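Here are my notes on this model, as numbered points. Please read them with the structure open.

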Amino acid sequence: MTHTRSGTGPGEDAANAIEDTAAPGESSVTRMLEIFDVVPVGVNTFTGASDGGSRKVVDGTQLLAQSLVAVAKRLPGRSIRSAHAIFTRVVDPDEPLEFVVDVTHEGRSMAAAAVAVQQNGRRCASVAVLADTPAADVIRHHAPRPRVAGPEEAIVAEMPMAGRELRIVGVADVNDPAEVGPPELSAWLRYEPIPVRDDLAKALLAHFTGHLSVSATMRAHAGVGTSQAHHTISTAVMTVTVSFHEPVGWDGWLLYSHESTQVGGGMSYVRGQVHTEDGRLIASFTQEAMIRPLRREHAAIPSAARL
């Protein structure tokens with residue numbers, strides 16, 4: 001059983017995609033799906049809001065998720081296959097966002113678009129998106145799910161969001177500098193609700209691709225952990241690339257696998273995969289992040305607003 005339907009378009013009644021209405025300001029899966037569902041204000045322009053959680057900075061993967069939905073609405077009938085996002089400016093969660101879609105190609109099989117994410121007239125991110133017309137298999141294979149402990153044996157992690165359950169394999173606290181091991185993290189996630197619309201399901205998958213990559217990188221280095229981020233170490237996700245492997249549908253738990261293959265010169269590189277509990281590979285991703293000493297002049301900025 002899956003909760004996404006092939007060909008389900010973003011123009012469908014929102015009641016089919018989001019079962020409940022979130023309380024204003026509540027950080028929840030329902031609220032995030034409402035945020036992802038950007039509103040058209042013209043043929044190529046969409047507007048959206050944000051959820052910064054406890055911080056005064058919006059996650060870059062929220063902008064990525066919203067851009068996917070904007071392109072899906074601009075190219076109805078197409079399936080989003082991949083996206084590459086570059087995050088260049090801090091986004092304030094209290095200010096509205098604008099998504100300007102430039103369709104650079106629209107053929108019978110493939111389509112491409114570039115999204116400019118803007119706030120107060122300034123570009124904050126650029127997202128390149130590839131879409132296609134769904135086609136039958138010629139051949140098919142995928143990488144198997146990593147052999148790690150299942151969600152029942154994994155450790156419950158505190159990353160508050162109503163409707164999202166997170167469990168980490170073999171790591172009690174991903175933020176602890178004393179939690180040293182290989183530069184890898186495996187995380188089980190379960191969402192409620194699971195969106196029916198294909199574009200929102202892909203947006204939700206993309207949203208978590210930036211959450212644990214820095215922690216996976218720091219895990220290999222004693223005395224360094226994400227509890228120091230925005231206090232003594234400056235960290236920020238700079239790019240995320242995500243590819244979706246059709247059919248993108250799931251029921252129950254998802255396994256996000258992260259492997260940091262390089263860090264140095266102030267930047268890290270992580271690659272990852274998303275498998276269903278029954279072993280299907282439904283997405284792959286990479287992330288580049290900044291990891292640098294906190295500059296002295298940034299010490300005056302409240303930690304909740306720092307990179």
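**Notes on charge pairs and core**

1. Asp 92 is partly exposed, at 22% relative accessible area. Partly exposed sits between buried (under 20% relative accessible area) and exposed (over 50%), using a 1.4 Å probe and protein chains only. The model is predicted: local features need pLDDT of at least 70, side-chain atom pairs count only at pLDDT 80 or more, and totals for chains, interfaces and linings use all residues. Residues are numbered from 1 along each chain as its sequence is written, and side-chain values use heavy atoms, with hydrogens and water left out.

2. Which residue pairs with Asp 92 in a salt bridge? Lys 56 does, at 3.4 Å, N to O. A salt bridge here is a side-chain nitrogen of Lys or Arg within 4 Å of a carboxyl oxygen of Asp or Glu. Lys 56 lies in the loop between β2 (45-48) and α3, and Asp 92 in the loop between β3 (79-87) and β4 (97-106), so the pair ties together parts 36 residues apart in sequence. Helices (H or I, at least four residues) and strands (E, at least two) are DSSP runs, numbered from the N terminus. Lys 56 is also partly exposed, at 36%.

3. Glu 165 and Arg 190 form another salt bridge, with the closest N and O atoms 2.8 Å apart. Glu 165 is in strand β8 and Arg 190 in strand β9, 25 residues apart. Glu 165 is partly exposed at 25%. Arg 190 is partly exposed at 34%.

4. Glu 246 and Lys 202 also form a salt bridge, at 2.6 Å between the closest N and O atoms. Glu 246 is in the loop between β10 and β11, and Lys 202 is in helix α4. Is Lys 202 buried or exposed? Lys 202 is buried, at 0% relative accessibility. Glu 246 is partly exposed at 21%.

5. Arg 219 deserves a look. Arg 219 is buried yet has no salt bridge. The nearest side chain of opposite charge, Glu 179, is 5.4 Å away. For charge, Lys and Arg count as positive and Asp and Glu as negative; His and the chain ends are not counted. A polar atom of the Arg 219 side chain lies 3.2 Å from the backbone oxygen of Pro 182.

6. The largest nonpolar core has 64 residues. Such a core is a set of buried Ala, Val, Leu, Ile, Met, Phe, Trp, Tyr and Cys residues joined through side-chain atoms within 4.5 Å. Helix α3 gives the most to this core, with eight residues.

Conventions:
Polar contact = N/O pair within 3.5 Å; in protein donor to acceptor, adjacent residues only side chain to side chain.
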